[in-house]
Amino acid sequence: MSNNVIGEHSRVTLHFSLKLDDGTEVDSTFKGDPASFSVGDGSLLPGFEKALFGLEAGDEAEIEIPPEAGFGQRNPANIQKVRRDHFSPDIELEPGLVVSFDNGSGELPGVIREVGDEEVEVDFNHPLAGQTLTFHVKIIEVASVN
């Protein structure tokens, strides 16, 4: 194990769990393999990454990430009406179904909120937008990367 402190040029191995305000656990690595990342590689939310700075191997912490530092606030403009005939007739449309749309530069997932005769209401907000996230972390290893 290394006693390096997490900072700008760190490779970190850790266990984490992610819970919502209501206590629902969304994700956890504690019962499996730990996660590894290099600071700044884009694999973690910047707000979460910065909250890890100063921790070292062996540390455990509870980190609360407000929506602004997480997936942002929900944006009503991201809820769109899409004509029903834009969907394949093979798809059984129902609220909660996640559908991928081609936005010209890649795939964009949307969650079906409401299905009407002519239109389908689709929410393109990130499912965790507007949520305060609580991470429990246990730092396993910190290495310096140059």
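Serine 17 lies in strand 1. Strands (E, at least two residues) and helices (H or I, at least four) are DSSP runs, numbered from the N terminus. This is a predicted model: local features need pLDDT of at least 70, side-chain atom pairs count only at pLDDT 80 or more, and totals for chains, interfaces and linings use all residues. Residues are numbered from 1 along each chain as its sequence is written, and side-chain values use heavy atoms, with hydrogens and water left out.

Serine 17 has a relative accessibility of 7%, so it counts as buried. Buried means under 20% relative accessible area, exposed means over 50%, and partly exposed is in between (1.4 Å probe, protein chains only). Leaving out residues up to four places away in sequence, serine 17 touches Glu25, Asp27, Ser28, Phe30, Thr134, Phe135 and His136. A contact means heavy atoms within 4.5 Å.

Lysine 31 sits in the loop between strand 2 and strand 3 (35-38). Its relative accessible area is 86%, so lysine 31 is exposed.

Arginine 113 belongs to strand 7 (residues 107-115). At 41% relative accessibility, arginine 113 is partly exposed. Beyond its neighbours within four places in sequence, arginine 113 contacts Arg74, Ile79, Pro95, Glu121 and Asp123. Proline 67 is 46 residues from arginine 113 in sequence, and their C-alpha atoms are 22 Å apart.

Isoleucine 140 is in strand 9 (residues 133-144). Its relative accessibility is 24%, so isoleucine 140 counts as partly exposed. Isoleucine 140 and aspartate 59 are 81 residues apart along the chain, yet their C-alpha atoms are separated by 8.0 Å.

## The chain as a whole

The chain has 1 helix and 9 strands. Along the sequence the pattern is β-β-β-α-β-β-β-β-β-β. The radius of gyration is 19 Å, well over the 15 Å that the globule rule gives for 146 residues, so the chain is more spread out than a compact globule. That radius is taken over C-alpha atoms, and the globule rule is 2.2 Å times the number of residues to the power 0.38. Along the principal axes, the C-alpha atoms fill a box of roughly 60 × 35 × 30 Å.

Of the 146 residues, 32% are buried. Among contacts between residues at least 6 apart in sequence, 64% join residues at least 24 apart. The accessible surface comes to about 9000 Å², and 47% of it belongs to carbon and sulfur atoms. Areas come from the Shrake-Rupley method with a 1.4 Å probe; for residues, only the protein chains shown count as cover.

## The largest pocket

The largest pocket has a volume of about 170 Å³. A pocket is an open set of points on a 1 Å grid over the protein atoms alone, where a 1.4 Å probe fits, with protein on both sides within 12 Å along at least five of seven lines; lining residues have an atom within 4 Å of a point. Points are joined across faces, edges and corners, and the volume is the space filled by probe spheres set on them.

The lining consists of Phe16, Leu18, Val26, Asp27, Ser43, Leu44, Leu45, Phe48, Phe71, Leu128 and Phe135. Strand 1 (10-19) and strand 2 (25-28) are the elements that give two or more residues to it. By class, the lining has 9 nonpolar, 1 polar and 1 charged residues. Nonpolar covers Ala, Val, Leu, Ile, Met, Phe, Trp, Tyr, Cys and Pro; charged covers Asp, Glu, Lys and Arg; the others, Gly among them, are polar.
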